[in-house]
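Subject: Structure handover

Hello,

Here is the structure for you to take over. Please open it first, then read the notes below.

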Amino acid sequence: MNNSEERQIMPDESMPDTSQVDKSIIDKLTLAEKTQILLEYPQIMKNAASCAVSEEAAGMIKESKPFYDAVKAAQTKEIVSAIHTLIKSYNDEPRSWLPSIGFLLPKAETQGAVLDLDEALAIGLFIERATELTNWIIKDRGDREQETSGRQLLLAILDDEALPNCGPAAAEIFRVIDREGSLRDLPVLRAIKKRIGALEKELKTAVSRYASQDEYKRMLQSPLPSQRDGRTVLAVKANFRGRISGIVHEVSSSGQTVFIEPLDVVEKNNDILLEKRNLDAEIQKILRELTEKINAYAENLKTLHTTIMELECLRARARYSLATKGHFAKDGDGEHEALILKKARHPMLKKAVPINIEMRNSTRTLIVTGPNTGGKTVALKTLGLLAMMNQSALALPLEEGSVLPLFDGIYADIGDEQSIDQSLSTFSAHIKNISAITANATENSLVLLDELGSGTDPEEGGAIAMAVLDYLIEKKSRMIVTTHHGILKNYGYTRQGVENASVEFDARTLSPTYKIINGIPGESRALDIAAANGLDSVIVGNARKYIDEKKSDISELISGLEQKQRERAGIEHKSTMEQNRLKEEKRKADLKELQLKQKETELKRESIGKLQVFLRESRKTLENLVRELKEGEVDREKTLKVKEFLNDLARNVDIESAALDEEERLVREQFLNEQKSASTSGDVAFAPGMEVFAGPSKQRGVIVRADKKNAAGNSWIVKTGSLKISFPEKDLVPAAPVKAKTSPSWAAEYGSSGEAVFELKLLGMRLDEATEALRRQIEAAILSNLKNFSVIHGMGSGVLQKGIHDYLKNDPAVADYYFARPELGGFGRTEVVLR
């Protein structure tokens, strides 16, 4: 992955203001389009579009809408997830800019049309870079784990019909044009240019005669010739105009200078002009013939362009997901599919408090109550926007394990849309939106209603709110509703499939915690907030007196429930912590016991080793003894007894050694299981110098260093005996508890280590230093299989920029180089592609 090109998608500081959008434009939009603007969906897609390497693809992404077809949404998300994994797992992604050619295709297929040099170059580069992109995707990396359904869907996009062979067209283009966009030095052009050069030399000789001879020198205002209308002329003083015969082309504004084309120069100018016209005509002929050859591939080009644009739109989504470090939500399934958001954050807020939203089992409606500024509206906008992003195949800012069903429509009524021009009050604006929602919502729709029933008489507003809920519940729509109406709290307890929830409020600090608590309705806390914001205490006191006693009892009941909820959550947290502590202590005790057994086994093995040495020495001694006995006429029976003694001794040693091997195997297996448990819980990090068991045979060894040649970056060089072998991290298990965590470092720029980097900074260097650093970078990149990197040289006087380009032009390892896009550094940064 080219980290140098990975954009940082930065959210805005505060919730975007949709009130500035022209109301007259909004009124002409459909309900779905209004909801997208309300939830700031276009801004998210604009951010995603910035990750594309094609202006055409970026425009398509900006204009795209969520996929409300469940099958299309699910498949697109699988494909984007597969590309996301591909980019994250390998560092060979091509990121060359894709020229815009969509507007050129009609011209290319029109008989008699002629493409100019830049247009032909754009088509040639598009074909080459499209081939690089598709080859990168279909490349077989031998990783069976990558063969997911998403990858299969991705490969299905790139079948033979969708990827016609346009390579011959690119070959024809680059036979005529180089990659700088200039015509190559073709033989027919070379002959004409040679004639022009000879004529210009003759012309120069003829003109120089006037500047060199004393007779004419005094007549000239300047010894240097000038150009007028493409013809060479002399600047003659006005009082000598009759002394040099020729054609007057121009007189200076002061009248002191006359520009004359001498008669002996006229013919030479005519000859040069004629040859230049011949050259232009020949160039037009070459471009016409080239356009005719491209025309033969017009249909293939249209098909290729369509496929690559679709692919780049998907890749940009994957790039955005990678840049925002999000996770793909699981799709819900079944009749009672859950909706679960874990630590979800609004992507447009820098300091958003993560929220949890849960609608499990048969719950289809959630009624959220609580104080103003408690986060109810932000929760609605977060859910609505994340649902749209999910159905646009984007990763979401939440934790893994979150579940989002796929909806056939997402509708919201949030905020104040009163309009003086159209005589709409706040209440009327809400009712207009709700009417459209009730007409369009289905059982597979998500409906978000903020402050339902507000803006009118509380009693009538509450009645309307319950009637709207009844209607949408009958439709089985998925709903989240916020309200201050107390009657809706009771409604939530009396209707099946409806659950109350509240935004938590800290009564001690009189401030919201922005946490959503299921099962308990919330209080508005209007009086507490009013007092905290400076309302006179007398007014607040009188307001409390007006509150009905019955309502006060309900408030106390809700407060008591909230307190019980907090106490229960605290007890559960303490219980979880205690369980984890006990598990950890038991694990450490078991590990200590196994270490002692391991030490005991090692001591036994050492003893067996000594015994084996003794056995070998004894065998030699006894064999010598037998030989001597034979020489002393010892009979065969005595010799056999000696050999039998030796064999029995060897067998006993073998039996003891085998028993010890089995005991050691069992201890090691238990030990490895304990160590794997520690590693899984995040207590172990591998580092040089650590003792480990490596490979399937679990050989004991010591980590020397990270394996830099491994593209995934998760392998280590381990010394086992006299050998140094590379092992994947998953095949390593620590041989002893790790007491300190260390993390492998990653060089951000070229340093003394000589490692290849994604971004080479040469600012402030002399040209010789810069070219040496670039040479080392290219060598290191080749060894690391790094195909793309960036060079930051700045603009300055242009010396460093030109020197770098001259070096890249002559280096045989460089396949291509070009200036970065303006937003990435423009002429101060060069993108390098190796062969």
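**A buried loop residue**

E337 counts as buried, because its relative accessibility is 17% and the cut-off is under 20%. Please keep in mind that this is a predicted model. E337 sits in the loop that links β5 (330-331) to β6 (339-344). Its contacts, leaving aside neighbours within four places in sequence, are G332, M359, P405 and R478. V403 is 66 residues away from E337 along the chain, yet their C-alpha atoms are separated by 8.9 Å.

**The chain as a whole**

The chain has 835 residues, and 43% of them are buried. It holds 23 helices and 23 strands. Take the contacts with a separation of 6 or more: 69% of them join residues 24 or more positions apart.

**The cores**

In soluble globular proteins, nonpolar side chains tend to be buried together. Which residues have the most contacts inside the largest nonpolar core? They are L341, I357, L383, L404 and I480, in a core of 79 residues. Helix α14 (residues 376-390) gives the largest share of this core, with eight residues. L383 touches L339, L341, I357, L404, L446, L448 and I480, not counting residues up to four places away in sequence. There is also a second, separate core of 20 residues. Among its members are F758, F789, V791 and V814.

Start with α9, residues 167-176. A169, A170, I173, F174 and V176 are buried in this helix. Seen down the axis of α9, these buried residues fall within an arc of 160°, so they line one face of the helix. An α-helix has 3.6 residues a turn, so residues three or four places apart point the same way. The buried residues of α9 pack against α7 (117-138) and α12 (263-295).

Next is α10, residues 187-212. Its 26 residues should span 38 Å at 1.5 Å a residue, and the end C-alpha atoms are 37 Å apart, which agrees. Which residues of α10 are buried? They are L189, I192, I196, L199, L203, A206, V207 and Y210. Their cover includes α11 (214-217), β2 (231-237), β4 (257-262) and α12.

Then look at α22, residues 767-783. This helix has 17 residues and reaches 24 Å from its first C-alpha to its last, close to the 24 Å expected at 1.5 Å a residue. Its buried residues are A770, T771, A773, L774, Q777, I778, A780 and A781. N785 follows α22 and has a positive phi, near 60°.

**Rings and charges**

How many aromatic pairs does a search of the whole structure find? It finds one. The partners are F819 and F827, in an edge-to-face pair with 4.9 Å centre to centre and 75° between the planes. F819 counts as partly exposed, at 28% relative accessibility. F827 is exposed, with a relative accessible area of 51%.

Two arginines lie over ring faces. R209 is over the face of Y210, at 4.7 Å from the ring centre. R228 is over the face of F259, at 4.0 Å from the ring centre.

**Positive phi in two loops**

K325 has a phi near 55°, a positive value in a residue other than glycine. It lies in the loop between α13 (298-323) and β5. Is K325 buried or exposed? K325 counts as exposed, because its relative accessibility is 69%.

A393 also has a positive phi, near 65°, and is likewise not a glycine. Its place is the loop between α14 and β9 (403-404). A393 is buried, with a relative accessible area of 0%.

Over to you.

Best wishes

Note on methods
Residues numbered from 1 in each chain as written. Predicted model: local features only at pLDDT ≥ 70, side-chain atom pairs only at ≥ 80, totals over all residues. Heavy atoms only, no water. Buried < 20%, exposed > 50% of the residue type's maximum accessible area, 1.4 Å probe, protein only. Helix = DSSP H or I, 4+ residues; strand = E, 2+ residues; numbered from the N terminus. Arc of directions from axis to C-beta. Contact = heavy atoms within 4.5 Å. Expected span 1.5 Å × (residues − 1). Core = buried A, V, L, I, M, F, W, Y, C linked by side-chain atoms within 4.5 Å. Phe/Tyr/Trp six-rings, centres within 6.5 Å; stacked < 30°, edge-to-face > 60°. Lys NZ or Arg CZ within 6 Å of the ring centre and 35° of its normal.
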